[in-house]
Amino acid sequence: GSIRESGMVEAAVAEARRQGLWGDAWQRLKRSRAAIVAASLLLLVCALALVGPWFSAYTVEQVDWTQATLANPPALANGHWFGTDANGRDLFVRVWVGTRMSLLVAVLATIVSVVIGVAWGATAGYLGGRVDGWMMRFVDVLYALPYMFFVIILTVVFGRSLWLIFLAIGAVGWLTMARIVRGQARGLRQREFVEAAIALGLSPAAIIARHIVPNLLGTVIVYATLTVPQVILFESFLSFLGLGVQEPLTSLGRLVAEGALEMESSPWLLLVPSTVLAIVLLCLNFLGDGLRDALDPRQRR
């Protein structure tokens, strides 16, 4: 019996080594029903955001003059599956175009924050000493500034450009990422493979790029997944205030703001974009939790 158990353990260890971290993480992620369902729903929403407007006879700015006097409820007869807004524009098309815009802003802003945060945190954590102290004090100073106030100032001073929204949200969203990466990098710099790289004469920049950052990818991916819904919420709040995506473009936040104005007379204008926004946020959070558990090395067998 003990020989058989020993053989099973050795086989499991060999299989884990063969699969590696990513293969093992994928196997654990597949066992998380909530994460798989969330990923499937998120893919469906993304597909509808990309191709959904093609299934309608209307464009995002097209006005149906027969429906233009007031908002109309959903009606299959005239092709307005989600109804129309107060201007007679098709809500089905506007919701999926707005979803596309919200996801685009979230992904690009998250990429900006990840690039800055990983570079800053990995450099500070690896170099340590005074460099680490000065770099993290700079992060502390930025943390002391009101996040919302800083982004609003940027959008007011430099205009309400879509690209500025990407940069403004990403430029102040990297602070937490930098702190997380810095803490991980401080632990990695004591590892044997980093000491071997130093002995081989590699420069600090090469060590950070080839050894520190690749070993942080699991943590970075998990936090980036959890950052996307935060960015979507933030962009939605900016659009709700009128400082986010501007006409003729639209986003989920802007649609929610418009629906809130007509909430009593036309509740579907608020209900539909709010439901889509809630589904996206819930799916991203469940997927992020699943990735966090799957990539946690303490759960590896």
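Predicted model: local features only at pLDDT ≥ 70, side-chain atom pairs only at ≥ 80, totals over all residues.
Residues are numbered from 1 along each chain as its sequence is written, and side-chain values use heavy atoms, with hydrogens and water left out.

The protein contains twelve helices and zero strands; helices (H or I, at least four residues) and strands (E, at least two) are DSSP runs, numbered from the N terminus. Of its 301 residues, 43% count as buried, where buried means under 20% relative accessible area, exposed over 50% and partly exposed in between, with a 1.4 Å probe and protein chains only. The accessible surface of the protein comes to about 16,200 Å², and 68% of this belongs to carbon and sulfur atoms; such areas come from the Shrake-Rupley method with a 1.4 Å probe, and for residues only the protein chains shown count as cover. Among the contacts in the protein with a separation of 6 or more, 72% are accounted for by residues 24 or more positions apart, a contact being heavy atoms within 4.5 Å.

Helix H11, residues 252-261, is mostly covered, with seven of its ten residues buried. These buried residues are Leu 252, Gly 253, Arg 254, Leu 255, Val 256, Ala 257 and Gly 259. Their cover includes helix H3 (91-127), helix H10 (217-241) and helix H12 (268-294).

Rings of Phe, Tyr and Trp (its six-membered ring) pair if their centres lie within 6.5 Å; planes under 30 degrees apart count as stacked, over 60 as edge-to-face and the rest as tilted. The count by this rule comes to four aromatic pairs. One of them joins Phe 92 and Trp 96 edge-to-face, at 6.3 Å centre to centre and 80 degrees between the planes. Because Phe 92 and Trp 96 are four residues apart in helix H3, about one helical turn separates them. Both Phe 92 and Trp 96 are buried. For Trp 120 and Phe 138, the ring centres are 5.5 Å apart and the planes stand at 35 degrees, so this pair is tilted. The pair links distant parts of the chain, with Trp 120 in helix H3 and Phe 138 in helix H4 (residues 129-144), 18 residues apart. Trp 120 has 26% relative accessibility and therefore counts as partly exposed; Phe 138, at 41%, likewise counts as partly exposed. One aromatic cluster is formed by Phe 82, Phe 92 and Trp 96.

The second largest pocket has a volume of about 270 Å³. On a 1 Å grid over the protein atoms alone, a pocket is an open set of points where a 1.4 Å probe fits, with protein on both sides within 12 Å along at least five of seven lines, and lining residues have an atom within 4 Å of a point. Of the 19 residues that line this pocket, Tyr 147, Val 172, Gly 173, Trp 174 and Leu 175 are the closest to its centre. H10 gives the most to the lining, with five residues. The lining holds 14 nonpolar, five polar and no charged residues; Ala, Val, Leu, Ile, Met, Phe, Trp, Tyr, Cys and Pro count as nonpolar, Asp, Glu, Lys and Arg as charged, and the others, Gly among them, as polar.

Terms used. Points joined across faces, edges and corners; volume = space filled by probe spheres on them.
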